[in-house]
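This report walks through one protein chain. Look at the fold first, then follow the text from a loop residue to the sheet and the helices around it.

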Amino acid sequence: MSKVLSFSMEDFSIKDFLKKSENFNKVEFWAVTTFFVYGVFFFITDGLDPVSQLRASNKFLFDQAKIPYHYYENYFFPKLIRFTFLFLAFMILNFTVVPRLIRQEAVTRNMLLLFALFVLGGLVIGTTDTYIKNYLFVNFDTELAAYNSIFRTSFLYAFWLLLMLGLYSVIKYAGVYLLSNAEAIHAKHPYVTPGGLVAVVVWMIGLFVLLMVNADEDIEEVLAAWFVIVPSGILFYWYAFYSLIPSSLNKKKPFLIYIGKTILILLISFLPVSLFVLLITQCEALGFGMGMFNVAVQLLITAPLSWVIFRRQMMGKEEIYVLKTALGQSHANFDFLRSQINPHFLFNALNTIYGTAIQEKAERTSEGIEKLGDMMRFMLQENMQEKISLTREIEYLENYINLQKLRTDPNPNIRIQTQIECPPIPVQIAPMLLIPFVENAFKHGISFREPSHISITVEVRENTLYLDVYNSKHVKAENDPEKNKSGIGLSNVQQRLQLLYPGKHELMIRESGKEFFVHLTLQLS
């Protein structure tokens with residue numbers, strides 16, 4: 001456990017911790033709100049039933065004290081007010097005060113708010129108790145003595161509720177930490193599986209709920225079972241995953257071997273578990289009965305469940321291995337194909353042709369070769385990275401546009417306008433994300449027989465990139481070899497945007513019979 005704690009201090013900051021608890025807070029908020037709404041609904045429904053009014057939990061105490069009892073005055077409204085106050089107080093403390101105290105934000109103000117809620121809680125509980133427990137007044141000589149007793153008890157109860165909230169917060173954030181770092185903890189401690197950590201969190205929450213329940217005849221047995229059997233199951237589950245099942249897989253009948261080892265382990269653990277329950281309950285019958293019950297639960301439920309989960313994970317890992325192997329082969333084939341284009345030879349050849357064009361004073365040819373060389377260098381090198389500088393992406397974009405202009409500039413019917421700004425600060429972008437929109441514009445927007453226009457705008461403001469491509473649209477001739485070729489395609493770019501920038505982009509595409517317009521807004525890191 002000390003290693004796990006040292007891991008948290010090194011790798012997990014309070015800000016990350018609170019950030020990862022936000023999703024849990026949403027689930028928790030709606031769960032508590034739903035519980036409150038349903039509780040109030042059924043409480044009101046029950047209050048409208050005359051039979052339920054006669055069965056109210058405090059009515060017989062009024063009858064014993066021979067004091068007039070009014071259901072709504074002495075039970076319904078006081079209980080409803082208290083229930084509503086506790087709900088609102090929990091919301092304020094759990095979602096506002098406690099997180100701010102953990103972040104050490106406005107500590108004095110939040111401590112005062114905590115104290116104010118404690119005082120208000122004591123007053124609300126005490127005031128409602130003067131109606132719910134009005135029968136107690138006959139036990140005191142004066143009304144003042146009765147009020148003192150009721151309010152003293154109410155403030156003690158409010159203090160106890162604050163302690164329970166503190167315990168709940170510890171359980172909650174411990175659970176969030178464990179679940180958020182399940183994979184990292186498993187990497188450092190292989191026997192601690194993510195599934196086991198989920199079970200630990202459920203066990204802690206269940207233990208808290210049991211502690212909040214008022215004691216009755218059966219609560220001791222339930223608490224002992226939850227305190228002993230569930231942790232025993234978690235420990236067995238971890239041991240089965242880490243050692244017991246893997247060591248049985250090499251045998252002829254692995255499941256039977258596994259069950260045999262399980263029975264032996266459970267028989268050995270029977271006596272220690274029974275003695276432990278006996279020590280905490282001081283009941284011999286309960287101790288040995290709980291020991292037998294533990295053996296039955298682990299043998300009939302935990303052991304088979306652990307086997308099924310382990311086998312399913314093995315099948316999943318095998319599928320992942322097959323997919324990784326296939327992906328590795330694809331990468332190898334791609335790398336092999338790329339190696340066929342020898343970059344050193346290619347760039348030497350381009351440099352030779354470029355030098356020849358300079359000697360022959362063919363400026364447009366040399367400029368085109370230079371742009372093409374830069375583009376090929378980009379595609380062979382930087383295109384393989386996950387993220388590149390936006391400046392390099394824009395340079396590639398400008399090289400492509402300038403190379404296209406060498407082809408279109410002699411035609412006066414073709415108008416190409418660009419307004420491309422480099423970002424004021426260094427930002428990263430996925431490579432080859434902008435060029436398909438520009439390629440599409442030149443592919444479908446240029447005709448040497450009809451007037452054509454292309455307008456391209458790129459700008460970056462506050463880490464947000466804005467791309468606008470507006471072009472004319474021409475139908476390709478039937479004999480055009482590019483007519484049925486889609487190239488990279490806009491659908492491919494849309495898929496990449498969904499994968500690489502989910503929720504961080506907005507793409508609008510509009511077209512008519514003669515024009516095509518693309519607007520992309522992209523939030524960059």
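Lysine 66 has a relative accessible area of 78%, so it counts as exposed. The model is a predicted one. Lysine 66 sits in the loop that links α5 (59-65) to α6 (71-102). Its phi is positive, about 60 degrees, although lysine 66 is not a glycine. Most residues other than glycine have a negative phi.

Asparagine 463 is another non-glycine residue with a positive phi, near 60 degrees. Its place is the loop between β4 and β5. Glutamine 282 follows α12 and has a positive phi near 60 degrees.

## The chain as a whole

The chain contains 18 helices and seven strands. It has 525 residues, of which 37% count as buried. Its accessible surface is about 31,900 Å². Carbon and sulfur atoms hold 63% of that surface. Among contacts with a separation of 6 or more, 69% join residues 24 or more positions apart.

## The five-stranded sheet

In what order do the strands of the open sheet lie? The order is β2-β4-β5-β7-β6, with mixed pairing. β2 (414-420) and β6 are the edge strands, each pairing on one side only. Neighbouring strands are turned by 5 degrees against each other on average, direction ignored.

Strands of a sheet pair through backbone hydrogen bonds, either parallel or antiparallel. The pairings in this sheet are listed here.

| Strand pair | Sense | Bridges |
|---|---|---|
| β2 and β4 (residues 452-461) | parallel | seven |
| β4 and β5 | antiparallel | eight |
| β5 and β7 | antiparallel | nine |
| β6 (residues 505-511) and β7 (residues 515-523) | antiparallel | seven |

Isoleucine 420 stands opposite valine 458 in β4. Serine 455 has tyrosine 470 in β5 as its bridge partner. Tyrosine 466 faces threonine 521 in β7. Methionine 508 is bridged to histidine 519, also in β7.

Two hairpins belong here. β6 and β7 form another, with three residues between them.

Which strands does helix α16 touch? α16 (residues 390-408) packs on the sheet and touches β2, β4 and β5 (464-472). Its direction makes about 165 degrees with that of β2. Helix α18 (residues 490-500) lies across β6 and β7. It runs at about 160 degrees to β6.

## An enclosed helix

Is helix α17 (residues 435-445) largely enclosed or largely open? Nine of its 11 residues are buried, so α17 is largely enclosed by the rest of the structure. The buried residues are Ile435, Pro436, Phe437, Val438, Asn440, Ala441, Phe442, Lys443 and Gly445.

Proline 436 belongs to this helix. Its relative accessibility is 4%, so proline 436 counts as buried. The C-alpha atoms of proline 436 and leucine 490 are 6.8 Å apart. Along the chain, 54 residues separate proline 436 from leucine 490.

## A bent helix

Helix α12 (residues 254-281) has 28 residues. From first to last C-alpha, α12 reaches 39 Å, close to the 40 Å expected at 1.5 Å a residue. Where does α12 bend? The bend is at serine 269 and amounts to about 35 degrees. Proline 272 follows within four residues.

Several α12 residues are buried: Tyr258, Ile259, Thr262, Leu266, Val273, Ser274, Val277 and Thr281.

## A buried threonine

Threonine 33 lies in helix α3 (residues 22-47). With a relative accessibility of 16%, threonine 33 counts as buried. Which residues does threonine 33 touch, not counting residues up to four places away in sequence? They are Phe87 and Met91.

Terms used. Residues numbered from 1 in each chain as written. Predicted model: local features only at pLDDT ≥ 70, side-chain atom pairs only at ≥ 80, totals over all residues. Heavy atoms only, no water. Buried < 20%, exposed > 50% of the residue type's maximum accessible area, 1.4 Å probe, protein only. Contact = heavy atoms within 4.5 Å. Areas by Shrake-Rupley, 256 points an atom, 1.4 Å probe, with all protein chains shown as cover. Pairing = 2+ DSSP bridges. Expected span 1.5 Å × (residues − 1). Bend = angle between axes of the 7 residues up to and from the residue. Axes fitted to C-alpha atoms, helices over the stretch in contact; angles between N-to-C directions.
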